[in-house]
Amino acid sequence: MTKEQIKQTIIEQILEIAPDIEEDEIIPDENLQRSLEIDSFDFLRVLTELYEKLGVEVPEADYGKVDTLEHMTDYFAQRHK
Amino acid sequence: MAENTTYREALRQAIHKAMQKDERVFLMGEDVGRYGGCFAVSMGLQEEFGPERIIDTPLSESAFTGAGIGAAMNGMRPIVEIMTVNFSLLALDQIMNNAATMLYMSGGQFNVPLVIRMATGGGKQLAAQHSHSLEGWYSHIPGLKVLTPATVQDAYDMLGLALKDPDPVLIFENSLLYNTKGALDTKASPLPIGKALVHRTGKDITILTYGINLLKALEAAKTLAEEGIDAEVIDLRSLRPLDDESIMESIKKTHRVMIVDEGWKSGSISAEIMARINEQAFYELDTPMGRVCTAEVPLPYAKHLEDAAIPQPKKIVAMARRLMEES
Amino acid sequence: MSKFLMPSLGADMESAVLMEWMVKEGDHVTKGQVVAEVETSKGVIEIEVFEEGIVEKIMVDPETECDVGTPLAMIRSINEEPLKDEKKSVFKTVQPSPEAELEQEPVDEIEVPEENLQKRIKISPAARKKARELGVDLDALSSKAKGTIHISEVETAATLKGKAPVAEDGMRQAIAKAMSRSNTEIPHYYLSSSINMSPALEWLEQLNSKRSIKDRILPAALLIRAVVQAVEEIPELNGFWKDGSLHMSEAVNPGIAIALRKGGLITPALLNAQEMSLDKTMQALSDLISRTRAGKLRGSELTQQSITITNLGDLGVERVYGVIYPPQVALVGLGHIIETPWAENDALSVQKVMQATLAGDHRATDGRTGALFLDKLNQFLQRPEELL
Amino acid sequence: MDLNLAQARKFYQQMLLIRRFEEKCVELYSNQKIRGFLHLYTGEEAIAVGIMHALNQEDAVLATYREHGQALARGISAKSILAEMFGKIEGCSRGRGGSMHLFDAKTRFYGGSAIVGGGLPLAVGMALADKMMKRNRVTVCFFGDGAVAEGEFHESLNLAALWQLPVLFICENNRYGMGTALEISESETNIARKAAAYKINSKQVDGMCVIDVAQAAEEAVTDIRAGKGPVFIECLTYRFRAHSLFDAELYRKKAEVEEWKKKGPLIVLQNKLEAMGLWSKINLKELEDEITAILDEAVEFAENGTLEPISDLEKFVYSAEVHNG
C-alpha cells in the first residue's frame with residue numbers, strides 16, 4: 001500500500017466520523033482533534049478503524065505522534081507491512 | 001442470442017421446447033390447433049405434435065378449463081389457453097373453487113400443476129366486452145400465482161418456470177405485446193417467479209408497473225429525464241406473489257412512488273400495492289402515493305375515447321411531475 | 001338414565017319452540033324414533049331420539065321456546081329401575097354449554113410516533129422522521145414554513161441551524177426554555193473539590209497497554225463509572241423533584257452531555273448505568289455518542305435521565321458550574337485534567353488534578369449530601385480497580 | 001351378476017354401515033360435535049355400493065357434497081371420515097374439507113364438490129389424461145339431478161363423447177334439487193334420454209336395487225375399459241332424509257317419503273335374498289354388532305383426534321413439489 005493510499009484511508013475515516021467536513025478542510029499539519037472538533041471518543045473510533053484497515057495499533061503513549069494528518073500518515077506508513 | 005424475436009415467437013418456442021421435453025405437457029384451448037391460435041402463438045404446432053396434444057376445444061370455457069385441472073390432478077402438465085381474460089369469467093368457478101383450493105381442501109394430497117394463459121388489456125378498439133384487464137382480480141386468490149410477462153425474454157422464461165411449478169400459474173399476455181420485438185437468450189438462467197426487475201434506475205421517483213405499461217412507463221421516464229426528473233422504473237413481473245422487498249427498497253431511496261395499472265382503481269392491484277407501501281414504508285413517503293389507472297368506465301369503441309380512458313405515457317409524465325412539484 | 005336435549009340442527013340455530021310431543025311418559029321408544037316436533041326459522045322439523053329406552057319424564061311443555069342443548073325429557077334404558085316420584089321433580093333445566101370465547105385475533109401493532117399532536121402540522125412522514133433525526137424543532141419550523149413541510153425544508157433548517165441566530169434554531173430554543181425555568185424554579189447550591197487523578201490515570205494506562213485498541217478504556221468512561229458508583233451510595237441526588245417532593249429513581253440513568261457536530265448539546269441518558277461494568281460503560285458510552293451524532297436516539301434516552309454529568313473537560317474548561325435540568329435534582333461537572341502543584345504529607349509534587357463540582361437542588365438535598373457525594377467520588381477514583 | 005352368499009352379505013353390510021353411519025352423524029350433529037353442512041345419503045346406499053363394486057384400485061372417483069356413502073363404499077375408513085367432520089388432523093383431509101370435501105389419495109377419491117356440477121369437468125380431464133397416457137383406468141363421476149341444469153353438464157358430456165373418454169357418469173336422480181322437484185327444473189325429466197343426445201351409451205336403472213346397479217356398473221366399466229367411450233347411468237332413487245339437517249321439507253309430502261321408505265335399498269335386497277334363499281344364512285345381529293363396534297371406535301378415534309396447529313394455517317396453499325405424480 002503506497003503512502004498516498006494510506007493517507008486516503010486516513011482521510012476516509014476522518015470524513016466518516018465528521019460527515020460535515022469537506023476533504024480540503026483537513027490541513028495536513030494542524031492538530032486534528034482541535035481543528036476539526038474531534039473528541040476523544042471519535043478519535044479512538046478513527047484509530048480503531050485504521051487498526052482494522054491497516055493492521056497498525058497506536059498505543060496511548062504514541063498519541064502525540066499521530067496528532068496531525070502528516071504525522072499520522074508517516075506513523076502508519078513506517079509500520080504498515 | 002436472437003436479437004429481434006417477437007413476443008409471440010418467444011411463447012411458441014417455449015411451448016415447443018416444453019412439449020418436446022415432456023410428454024405430459026399439452027396445449028388445449030379454442031382454435032389453438034388448426035387455426036394456429038387466435039393470436040397465432042401456436043401456429044404450426046398441431047402439424048408437429050398432432051391433434052391429441054394440440055387440442056382444439058368447443059366453446060366450453062368452464063369444461064375445458066376444468067378438464068385441464070382434472071388432467072393436472074391425474075399426472076399431466078397441461079397448458080390451457082383461454083383466448084382472452086374476458087372469456088375467463090365463464091371459467092372463474094373452476095379456477096377459484098377447484099384449481100386454487102384443491103391442494104388446501106385435500107389437506108395437501110392433490111396438487112394442480114396447471115398453466116393457464118390468457119390475453120388481456122384494451123387499446124385495440126374492441127369495446128367494453130373485449131378489452132378488460134382483470135389480472136388484478138385473479139391476484140386476490142390464494143393458491144394461484146399470477147405472472148405478467150412484459151418482455152420477450154420473460155414471455156419465454158415464465159412459461160418454462162410455470163410448467164415446473166407444482167401449483168396453478170396464470171400468465172397474462174397483454175394482446176398489444178404479441179408483435180413487440182426484443183432480445184431472447186434461451187440459455188439465460190431465468191429470474192425466479194415473484195422477483196421484480198428494475199428496468200431503469202433513478203433517484204427522484206419510483207414508477208411501479210407491469211405488462212404493456214412497462215413500455216409506456218419507460219417512454220415517460222425518457223421525457224421526465226429531459227426535465228431533470230430521474231425516474232426509477234420497476235417491472236413487477238408478478239402480481240402474486242408481489243415483490244414487497246424490491247418495492248420498499250426503491251421507495252426508501254426515492255421517497256416518492258406511483259403505480260401504472262390498466263385495471264380500474266377500485267379494488268385494483270394498484271390499490272393493494274399502495275396499502276402495502278402504507279403498511280411497510282409509511283415513514284419513507286415524502287409525498288402522497290400516485291397512480292395512473294384506466295378510467296372507471298366500460299371501455300368505449302371510439303379511439304379518442306379509449307385513449308383517454310387507458311394509461312398513456314403523457315399521463316404518467318403528468319403524475320410524476322405533480323408528485324415532484326408537491327415536494 | 002340420559003337426558004334428551006333440544007338438538008342443534010344447523011350452525012345458525014340457537015333455539016326452537018317445542019310444538020308437540022309424539023310420545024308420553026312411560027312410552028317405549030326405539031333408536032331414531034321421532035319423539036317431537038319443533039318450530040324453527042325454516043319451519044316445523046321432526047326430532048328423533050338416539051337410543052332405545054322408556055320415556056321417564058317430559059320436562060318441557062308444548063309451545064315452549066328452548067335453547068339448543070336444553071334437556072327436554074329423561075329417557076331410562078329398559079333394564080333400569082323407574083325413579084320414585086319425589087326424585088322426578090328434582091331435575092331442573094340445564095344451561096347450554098357456554099359459547100367458546102373467540103381466540104383474540106393477533107393484531108400487528110402499528111408504530112405510532114410519540115410526539116404530541118395537539119396542533120396538526122402538515123408534514124410528510126419522511127420529513128417528520130428526518131426532523132427527529134436531526135433534532136429540528138417542528139413547532140418553530142412549521143410557524144415559518146408555508147404549506148407542507150418536506151425533507152428539503154427540514155434539511156435546510158438543520159444546515160441553517162449552524163449559522164442561524166441562536167434564538168432561531170429549534171434546539172437552542174428548547175434548551176433556552178429549560179434553562180430559564182431551571183433558574184427561576186430551582187434554588188441551586190454549588191460545591192467543588194479537587195481530585196488527584198494521577199493514580200487513576202496511571203492505572204488506566206497500565207490496563208490499556210495490556211489490551212487491544214478495540215478494548216481500550218477512555219478516562220471519560222472511568223469518570224462516569226465513578227460518578228454512578230458514588231450516586232448509588234448517595235441516592236438522594238439521583239431522582240426527580242415533582243409535586244413538592246423528591247422521588248428517588250431506581251435506576252441510575254446519567255444524562256451525558258454530548259456535543260453535536262453542527263453545534264448544540266444534547267444530554268441523552270446512559271440507561272441503567274448502575275448495572276454496567278467499566279468495559280460495558282465504555283461500550284455503551286461509545287455507542288450512545290455515535291448514535292447521538294447519527295440522530296438515532298430512542299425516546300427513553302431523551303426522557304429518563306435521573307442525573308446529569310457534564311464532562312466538558314475535552315475543551316479545556318477547568319471548572320464547570322452547570323445548571324440542573326428539571327425535574328432532575330443534581331448535576332455533576334467534571335473539569336479538564338491539568339497538571340497542578342499538589343501538597344500532601346508535607347511533600348510537594350506535580351499531579352494531574354481535576355475539579356469536580358456538584359450543582360444541587362436545595363429543595364431536595366443540602367450541602368452535606370453534596371459534600372458526601374464528592375468525597376465518595378474521590379474515594380472511588382483513588383481505588384480505580386474497584387470500578388472494573 | 002352371479003350373487004353368492006359372501007357377495008350378498010358384503011352388499012348388505014356395506015349398505016347397513018352407511019345407513020347407521022348417517023344416523024350416528026345426526027346424533028353427533030344434534031350434540032354439536034360436528035358442524036357446518038351435513039347432507040345424508042340415507043335411502044341412496046345401493047348406488048354407491050353397487051358402483052364401487054365394479055371398480056378396481058386404479059380407478060378414480062369424484063363425488064358431490066352428499067358423499068359419505070361413496071367414501072365408505074370406496075374404502076375410506078369410518079374413523080378418518082368422522083375425524084374429518086370433527087375437524088381433526090387425523091381426518092382424511094386433515095380437518096380442512098369437512099363433510100363436503102373428503103379426499104383420499106390411496107383410494108383415488110378426489111373429493112366431494114360443493115359446487116353443483118363442479119366435478120364434471122374434472123372427471124373429463126382425469127379421463128383425458130388416462131387416455132393420453134394410455135392408462136386403462138376408469139374415472140367415475142357422481143352427481144345429482146340438480147347438476148343436469150348446469151352448463152357444465154352439457155359442456156362435459158359433449159367433451160367426453162367428442163373425445164371418447166374413459167369416464168362413467170352416475171346421475172343419482174333423487175327427484176329433488178334441494179327444494180326444487182325435477183319436474184319444475186327440467187323440460188326433459190328423463191335424464192338418460194338427455195345424455196343419449198350426446199351419442200353417449202346411456203341407461204336408466206332402479207337405484208334402490210344394489211344388484212341392478214352393480215350389474216349395470218360392471219357392464220359399463222367393461223365397455224369403457226374396451227375403449228368404447230363414456231357411459232351414462234341414471235339411477236332412480238330417493239333420499240329419506242331432508243336435503244340437509246336444517247330443512248323442514250316443505251317441498252314434499254310426508255306420505256311420499258313413507259311410500260319410498262317401504263322400497264328402500266335394504267328392504268329391496270332383503271326381499272331378493274329371501275327369494276334366493278340366502279337371507280336366512282345372514283346373521284343380521286352379527287352385522288349390526290360389527291357395525292356398532294366400527295362406529296363406536298370411529299367416534300372414539302374422532303374424539304381423541306388432535307387439532308391441526310394454527311401455525312400450519314398457511315400450509316398447502318402452495319407447495320414445493322407435486323404430490324400426485
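Tutor: D:Q204 has D:E234, in β8(D), as its bridge partner. The two strands concerned are β7 (residues 201-206) and β8 (residues 231-236) of chain D, which pair in the parallel sense over six bridges; strands pair if DSSP finds at least two bridges between them. Between β7(D) and β8(D) the chain passes through helix α8 (residues 210-225) of chain D, and this β-α-β crossover is right-handed, that is, with the strands pointing away from the viewer, the path from the first strand over the helix to the second runs clockwise. Helices (H or I, at least four residues) and strands (E, at least two) are DSSP runs, numbered from the N terminus. The model is predicted: local features need pLDDT of at least 70, side-chain atom pairs count only at pLDDT 80 or more, and totals for chains, interfaces and linings use all residues. Residues are numbered from 1 along each chain as its sequence is written, and chains are lettered from A and ligands numbered from 1 in the order in which they are written.

Chain D also touches chain B, with 40 residues from chain D and 35 residues from chain B in the contact; residues are in contact if their C-beta atoms, placed from the backbone, lie within 7 Å. On the side of chain D, the elements giving two or more residues are β2 (109-113), α5 (119-132) and α6 (151-162). The largest share, 10 residues, comes from α5(D).

Chains C and A meet through 14 residues from chain C and 12 residues from chain A. On the side of chain C, α6 (198-209) and α8 (278-294) each supply at least two residues, and α6(C) gives the most, with three residues.

Notes
Two residues are in contact if their C-beta atoms, placed from the backbone, lie within 7 Å.
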